[in-house]
Amino acid sequence: MAQHPRNVVLLDLDGTLTKSDGGIIASVVKTFEALGRPVPDDAELKRFIGPAIIESLQRNHVPADELDHAVDIYRSYYADKAVFDDPNEPGNKVPGRLVNVVFPGIREQLIKLREDGYYLALASCKPEYQCIPICEHFHLTELLDGIYGASKDNTRLDKDQVIRYCFEKIGFDAAQGDKAVMIGDRYTDIDGARACGLDTIGCRWGYAPEGEMEEHGVYEIIETTDQLEDAVNRYFATH
């Protein structure tokens, strides 16, 4: 990203670009079953969508000495084991990461944003090695300028760490006029962006419990995917 100034749109993945709850929740259930621990209730299972998996496991009282093993189990079901029904091809079995669909209208909005000249960067708390094949499978890669996620070893885990990693990789330079905004659906997006001095446009179609985005100080909330381009244009017109 040598050209300055540049307006960067940071995009969350789960609950923002893709409806991924089925695969995440199914993989979480398999994880708790394998650990011999009670499976969380439906409301708590939904809270696994967004934060880093280790954070959600800790919140559900998985002991510290079991966390690494639990993460390995989760990742095996989410990334590798083809044991879940494919929502896109009935009868096919896929790993959890492919129990997933792109929200209607997202592709069209990404195309418009690219045409408007924005630099589109995926910034996800999901490990980057998982983000890349998901984006490739759902033909999002060609609509993005870069894909940035957490590290496999958990040294880059939180959203602010992912954003800073992204900025380092793309040569983001606020001193030369570069600006950015986060697009996401959970408190992790809002808090992580704020830690980097950024605002977040919240997506109502995602997985935030009622009131969460407002409580965490979201800049603006859009209700449907077809409002994305207009919201981004409005933001950069006034910042």
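## A first look at this predicted model

Just past helix H5, Gly117 adopts a positive phi of about 100 degrees. Welcome to the structure, which is a predicted model.

- Helix H5 spans residues 106-115, and its buried residues include Ile106, Gln109, Leu110 and Leu113.
- These residues sit on the same side of H5, because they cover an arc of only 100 degrees around the axis.
- Behind this lies a simple rule: an α-helix has 3.6 residues a turn, so residues three or four places apart point the same way.
- The cover over the buried residues of H5 includes strands S1 (7-11), S5 (101-102) and S6 (119-127), along with helix H10.

**The nonpolar cores**

- The largest nonpolar core has 57 residues, and those touching the most other members are Leu57, Leu110, Leu144, Ile183 and Val232.
- Helix H4 (residues 67-80) gives the most to this core, contributing 7 residues.
- Apart from this core lies another one of 18 residues, among them Val8, Ile170, Cys196 and Leu198.
- Leaving aside residues up to four places away in sequence, Ile183 touches Val9, Leu10, Leu11, Asp12, Thr16, Ile201, Cys203, Leu228 and Val232.

- Strand S8 (residues 179-184) runs parallel to S9, and 3 bridges join the two.
- Across this pairing, Ile183 stands opposite Ile201 in S9.
- S8, helix H8 and S9 together form a right-handed β-α-β unit.
- S9 and S10 also run parallel, joined by 3 bridges.
- Here Gly202 has Ile221 in S10 as its bridge partner.
- Strand S9 (residues 200-203) is covered on both faces: Thr200 and Gly202 are buried on one side, and Ile201 and Cys203 are buried on the other.

**Salt bridges within a helix**

- Asp160 and Arg164 form a salt bridge through their side chains, at 2.8 Å from N to O.
- Both residues belong to helix H7 (residues 159-170), where they are 4 residues apart, about one turn of the helix.
- Asp160 counts as buried because its relative accessibility of 19% is under 20%, whereas Arg164 is partly exposed with a relative accessible area of 42%.
- Arg194 and Asp191 also meet in a salt bridge, at 3.5 Å from N to O.
- About one helical turn separates Arg194 and Asp191, because they are 3 residues apart in helix H8 (residues 187-195).
- Arg194 is partly exposed at 41% relative accessibility, and Asp191 is partly exposed with a relative accessible area of 30%.

**Salt bridges between elements, and a network**

- Arg234 pairs with Glu220 in a salt bridge, with their closest N and O atoms 2.4 Å apart.
- Arg234 is in helix H10 (residues 228-237) and Glu220 is in strand S10 (residues 220-222), so this pair ties together parts that are 14 residues apart in sequence.
- Arg234 counts as partly exposed at 44% relative accessibility, and Glu220 counts as partly exposed at 21%.
- A network of salt bridges links Asp12, Lys159 and Asp189.

Note on methods:
Residues numbered from 1 in each chain as written. Predicted model: local features only at pLDDT ≥ 70, side-chain atom pairs only at ≥ 80, totals over all residues. Heavy atoms only, no water. Salt bridge = Lys/Arg side-chain N within 4 Å of Asp/Glu carboxyl O. Buried < 20%, exposed > 50% of the residue type's maximum accessible area, 1.4 Å probe, protein only. Arc of directions from axis to C-beta. Contact = heavy atoms within 4.5 Å. Core = buried A, V, L, I, M, F, W, Y, C linked by side-chain atoms within 4.5 Å. Pairing = 2+ DSSP bridges. Right-handed = clockwise from strand over helix to strand, strands pointing away.
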